[in-house]
Each structure stands twice: as C-alpha cells, then as structure tokens.
Amino acid sequence: MCIIEVMSNLAKVIASLEHLAPLRLAADWDNVGLLVATKKPVIHRVMTCLTLTIDVAREAVSQKADLVVTHHPLPFRPVNRITEETPTGATLVELVTAGIGVWSGHTAWDSAPHGINAMLAEILSLQDVAPLEPDEIDPSVGFGRMGTTSSPDTVDAVAQQLTSALGCSGCTVAGDPNLLAGRIGIVCGSGGESVPVAAAAGCQTLVTGEIKLHNALEALAHNMTVIAVGHHLSERFAMERMAEKLSTALPGLQCWASTVEQDPLCWLPNR
C-alpha cells in the first residue's frame, strides 16, 4: 500500500468531521471546531473521547495521536493563562507540547442527522422521529429528538432497554415507572433545562443523561416522567461510533476511542 493512502491531511479530517457534525447546528453558546491547532502536515492517528482530562491527554501522547476529537470542548470558556497549575492548563500543555490538535463537535454532534440524540432514538427503535426544536434551514435535524415506541411500552420497559444497550448498572427515574412512556423526548447529556421544550412538544417521557432536582419536579408538574442514565453513558458510546465513522470515511486513517476514559461517577450499592 502506498504511504500516501494511509495519511490524511488535517483539512480532509476536519471536512469529514464537519460532515458528521455540521458546526452550524451547534448552540450559540458552544465552542466547537478546531480548538487547538497542530503543525503536523498530515494526520495519521485520531483518538476520540467524551471529555479531555489529563489522563486522556497522556494517553493521546503515549499512543502518538495527531488529533484528539473530544465531545466536551477544551477549552470551553476563555482562559487567562495556560499553566500546569489548573486541570485545563495542564491538559492543554500536555497536548500542545506533543503537537496534538483538538477538535470538538459537542452540540453539533448532539443535533446532527446521525448524531447522539438520533442514535439514542435508534437504540429505542422509535418511530416518527423528529427534532424537539427543528433547525430553521433543515427541519429534519435540530435540538433533541422525539418519537414513539412501536408498541405501548412502559417507562420501566424503555429504561430497561436503554440501560441494557448502554451498559448502565441502573438509572434514575422521576415519576411512576409503570406509566406508559407515550411520546418520548431525548436530550443527551444534561437535559434538565429542556423540560419545558419537551413538554411543549407533547412528550410524556424525557430521556436524558442527568437532571437536577428542581428540573425533575418541573417535569412531574408537566405530568412527564424522566429517565436519566448518567451524563457520561448517555454520550460516551457515540464517541466510539464517531471513531468508526471517521475510519470508514477516511480509509487508512487510524481512529480509536480512548481506552482510559471512565465515568467519574458510579453507583455505590448499600451493603
């Protein structure tokens, strides 16, 4: 195989990423795209992750990655200084010193045609799937997703199906799990603020990653149940899928998902 076939330049990689996650779909407050530049003329190896931590950065360095594709942007907010005295600074110093670039899709990947919320809807085999808030240019995509199951399933049945597919040890439910799920709204990650949007769209159940107490109470006031599977698990699987999709789009490019990344939260059973 010619060596040229196993290399992709940065522009090609970014074009493929933005095909998967069109950046115009990102929320106005988000920080997406190429966040840390790399001077490497060609990209051989790409690692994906949900959240860039110092451990994940060190993995990227040890595995000789040229680019890290992270879901959660780093940096997310403006920083006054980049030093090893802060977690963000130490992570960026680690990557910049090694010449590794950083790209993030975040809410663009959430809302993309085959992005995270669409994949969650597919896992649940929802029908008549549509965005909770359609994009003005392309109404088939946009914020969140909603749809109905093929048969009248209970909230408990939906929760069991989802946790089994995502590898969750359990989930949090607000409301009666024995109620019919009805129209299901999906907002990956932290979806508590989307309760009014889901309620206005006619959803009886909201599937999300995490939700605050007051948002859960708001959902109950709207006669809507909530299934929260954990922020990490509601999104991490999609970064593994992104690595697979990028490998397919650019044959010869070596792509993989971080192997050291773990959910920082876990259930501790009562003994």
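**Close-up views of a predicted model**

View 1. Leaving out residues up to four places away in sequence, Trp109 touches Leu20, Ala21, His71, His114, Gly115, Ile116, Met119, Ala238, Met239, Met242 and Lys245; contact here means heavy atoms within 4.5 Å. The model is predicted, so local features need pLDDT of at least 70 and side-chain atom pairs count only at pLDDT 80 or more, whereas totals for chains, interfaces and linings use all residues. Residues are numbered from 1 along each chain as its sequence is written, and side-chain values use heavy atoms, with hydrogens and water left out.

Trp109 is also among the residues with the most contacts inside the largest nonpolar core, together with Val13, Val46, Leu67 and Leu120. This core has 45 residues. A nonpolar core is a set of buried Ala, Val, Leu, Ile, Met, Phe, Trp, Tyr and Cys residues joined through side-chain atoms within 4.5 Å. Buried means under 20% relative accessible area, exposed means over 50%, and partly exposed lies in between (1.4 Å probe, protein chains only). Two or more residues of the core come from each of α1 (10–20), β2 (45–51), β3 (67–72), α4 (107–111), α5 (116–123), α6 (155–166), β10 (184–190) and α9 (231–249). Of these elements, α9 gives the most, with six residues. Another core, of 15 residues, lies apart from this one and includes Met47, Val56, Ala60 and Val102. Helices (H or I, at least four residues) and strands (E, at least two) are DSSP runs, numbered from the N terminus.

View 2. An α-helix has 3.6 residues a turn, so residues three or four places apart point the same way. Asn215 has a relative accessibility of 10%. Apart from its neighbours within four places in sequence, Asn215 is in contact with Gly192, Glu193 and Val195.

For Leu213, the relative accessible area is 59%. Together with Leu217 and Leu220, Leu213 makes a nonpolar surface patch of about 290 Å². Patches are made of residues with over 30% relative accessible area and no salt bridge: like charges are joined within 9 Å, nonpolar side chains (Val, Leu, Ile, Met, Phe, Trp, Tyr) within 5 Å. Accessible areas come from the Shrake-Rupley method with a 1.4 Å probe, and for residues only the protein chains shown count as cover. Just after α8, Asn223 takes a positive phi of about 60°.

**View 3. Salt bridges of Lys40 with Asp66 and of Arg58 with Glu94.** A salt bridge is a side-chain nitrogen of Lys or Arg within 4 Å of a carboxyl oxygen of Asp or Glu, and by this rule the count comes to five. The side chains of Lys40 and Asp66 meet at 3.0 Å, N to O. This pair links distant parts of the chain, 26 residues apart: Lys40 is in the loop between β1 (33–36) and β2, and Asp66 is in the loop between α2 (54–62) and β3. Lys40 is partly exposed at 27% relative accessibility, while Asp66 is buried at 7%.

Between Arg58 and Glu94 the N to O distance is 3.9 Å. Arg58 is partly exposed, at 46% relative accessibility, and Glu94 is partly exposed, at 25%.

**View 4. The salt-bridge network of Arg236, Glu240 and Glu261.** Arg236 and Glu261 meet through their side chains in a salt bridge of 2.5 Å, N to O. Arg236 is in helix α9 and Glu261 in the segment after β13 (254–257), 25 residues apart, and the pair links these distant parts of the chain. Arg236 is buried, with a relative accessible area of 10%, and Glu261 is buried as well, at 11%. Salt bridges with shared partners join Arg236, Glu240 and Glu261 into one network.

**View 5. Asn80 in the loop between β3 and α3 (87–98).** Asn80 is exposed, with a relative accessible area of 82%. From C-alpha to C-alpha, Asn80 and Leu52 are 19 Å apart in space, and they are 28 residues apart in sequence.
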